[in-house]
Amino acid sequence: MTARPTAPPSPPTPAGQSLAAMPCCLSSFLDRVILGDNCETLAAMPAESVDLVVTSPPYDDLRTYGGHSWDFERLAGELTRVLKPGGVIVWVVADATVNGSETLTSMRQAIHFKDVCGLNVHDTMTYEKHNAPPTGNGRYYQAWEYMFVLSKGKPKAFNPIHETRRNACNDKRTHRVKAFQRDTNGEMQKKAYTIRDSVPRRNVWSYLVGGGNSSEEMAAHEHPAVMPDSLAKDHVTSWSNPGDVVLDPFAGSGTTLKAAKELGRRFVGIEINAEYVEICHRRLAQEVLNLFPDNSKAQEGVRLS
């Protein structure tokens with residue numbers, strides 16, 4: 001795929017003026033990794049400009065991510081505002097265990113998106129860690145996370161991933177399998193079914209995780225919580241079309257952005273941690289746009305366009 005030319009950098013933010021007050025058009029954000037606060041950055045983006053959000057926010061402060069905090073309710077509102085009608089947010093989350101109980105923060109976030117933001121909970125998917133690390137404290141291995149698929153109305157894009165189907169015996173037959181079914185009189189009858197070559201994947205997706213599994217790139221593993229490359233690609237494939245705009249407001253190591261780029265989508269990444277922006281930069285091999293030039297500490301080690 002032919003590389004896109006790098007868009008010109010936006011003018012620096014005038015002293016004392018908020019980014020939200022600046023006249024920023026979407027082209028100022030496309031195919032960029034933006035160093036800064038996600039709510040401030042989103043506030044400057046045009047409404048209904050994003051087709052798909054694929055992100056995994058920090059879970060219940062389980063990791064510090066450089067000591068940065070974030071405002072869930074404000075972020076949820078901004079994501080809803082910039083999402084196009086028919087657009088989708090894939091929200092990958094899990095819960096901490098505090099004082100012997102799971103927090104259920106993930107559920108509260110999904111309910112907020114539905115009841116306050118007015119989005120549909122289109123699907124409650126799960127991401128299974130096929131090789132989840134062992135856990136103690138009297139619990140089974142924690143082997144999965146939520147993937148809430150939230151939509152602004154009916155999703156306008158759905159490209160289902162298909163997988164080979166096998167019958168319950170897992171043998172080599174691919175054409176017919178017999179089953180019992182009641183007819184209109186209530187009598188049990190044998191019926192033959194044609195087995196399709198492939199069917200849409202179910203909503204429990206399984207991936208290998210950990211070093212060398214989530215990503216083959218060493219740079220990705222410099223981030224403390226790497227989203228599997230395949231997970232990001234599968235969601236970008238499923239809920240967007242080529243040319244669509246894909247956003248990750250917690251860009252991290254750039255996994256969603258890289259998937260979008262490789263699949264022919266435009267992307268917008270936002271990340272407040274300069275070290276992670278540099279990881280994104282290396283993985284994407286592109287310039288980094290800094291819309292917060294007076295944040296000198298955040299600029300350290302980041303190459304600007």
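Is Trp-91 buried or exposed? At 1% relative accessibility, Trp-91 counts as buried, where buried denotes under 20% relative accessible area, exposed over 50%, and partly exposed the range in between (1.4 Å probe, protein chains only). The structure is a predicted model, in which local features require pLDDT of at least 70 and side-chain atom pairs count only at pLDDT 80 or more, while totals for chains, interfaces and linings use all residues. Residues are numbered from 1 along each chain as its sequence is written, and side-chain values use heavy atoms, with hydrogens and water left out.

The protein has seven helices and 14 strands, assigned as DSSP runs (helices: H or I, at least four residues; strands: E, at least two) and numbered from the N terminus. Of its 305 residues, 46% count as buried. The protein exposes about 16,100 Å², of which carbon and sulfur atoms supply 51%; accessible areas come from the Shrake-Rupley method with a 1.4 Å probe, and for residues only the protein chains shown count as cover. Among contacts (heavy atoms within 4.5 Å) between residues at least 6 apart in sequence, 69% join residues at least 24 apart.

In soluble globular proteins, nonpolar side chains tend to be buried together. A nonpolar core is defined here as a set of buried Ala, Val, Leu, Ile, Met, Phe, Trp, Tyr and Cys residues joined through side-chain atoms within 4.5 Å. The largest such core has 62 residues, and those with the most contacts inside it are Ile-89, Trp-91, Phe-113, Leu-247 and Val-268. Strand β3 (residues 83-93) gives the most to this core, with seven residues. Beyond its neighbours within four places in sequence, Ile-89 is in contact with Val-53, Leu-79, Leu-83, Phe-113, Leu-119, Phe-148, Val-149 and Leu-150.

Ten aromatic pairs are present in the structure. Rings of Phe, Tyr and Trp (its six-membered ring) pair if their centres lie within 6.5 Å; planes under 30 degrees apart count as stacked, over 60 as edge-to-face and the rest as tilted. Trp-70 and Trp-91 form a tilted pair, with 6.3 Å centre to centre and 50° between the planes. This pair links distant parts of the chain, as Trp-70 lies in the loop between β2 (50-55) and α2 (72-82) and Trp-91 in strand β3, 21 residues apart. Trp-70, at 23% relative accessibility, counts as partly exposed. Ring pairs also link Trp-70, Phe-72, Trp-91, Phe-113 and Phe-250 into a cluster.

Helix α4 (residues 229-239) is mostly covered, with eight of its eleven residues buried. The buried residues of α4 are Asp-229, Leu-231, Ala-232, Asp-234, His-235, Val-236, Ser-238 and Trp-239. Ser-238 and Pro-160 are 78 residues apart in sequence and 5.5 Å apart in space, C-alpha to C-alpha. Pro-160 lies in the loop between β7 (144-151) and β8 (162-164) and is partly exposed, at 31% relative accessibility. Ser-240, in the loop between α4 and β13 (245-248), is buried, with a relative accessible area of 0%. Not counting residues up to four places away in sequence, Ser-240 touches Leu-52, Ala-157, Asn-159, Val-246 and Arg-265.

A salt bridge is a side-chain nitrogen of Lys or Arg within 4 Å of a carboxyl oxygen of Asp or Glu, and the count by this rule comes to twelve. Arg-266 forms a salt bridge with Asp-31, the closest N and O atoms being 2.7 Å apart. This pair links distant parts of the chain: Arg-266 is in strand β14 (residues 266-271) and Asp-31 in the segment before β1 (32-35), 235 residues apart. Arg-266 is partly exposed at 25%, whereas Asp-31 counts as buried at 14%. In the salt bridge between Lys-84 and Asp-51, the closest N and O atoms are 3.2 Å apart. Strands β3 and β2 hold Lys-84 and Asp-51 respectively, 33 residues apart. Lys-84 has a relative accessible area of 26% and is partly exposed, while Asp-51, at 3%, counts as buried. Asp-51, Lys-84, Lys-156 and Asp-244 are linked in a network of salt bridges.

On the surface, Leu-104, Met-107 and Ile-111 form a nonpolar patch with about 260 Å² of accessible area together. Patches are made of residues with over 30% relative accessible area and no salt bridge, like charges being joined within 9 Å and nonpolar side chains (Val, Leu, Ile, Met, Phe, Trp, Tyr) within 5 Å. Ile-111 is located in helix α3 (residues 105-115) and is partly exposed, with a relative accessible area of 48%.
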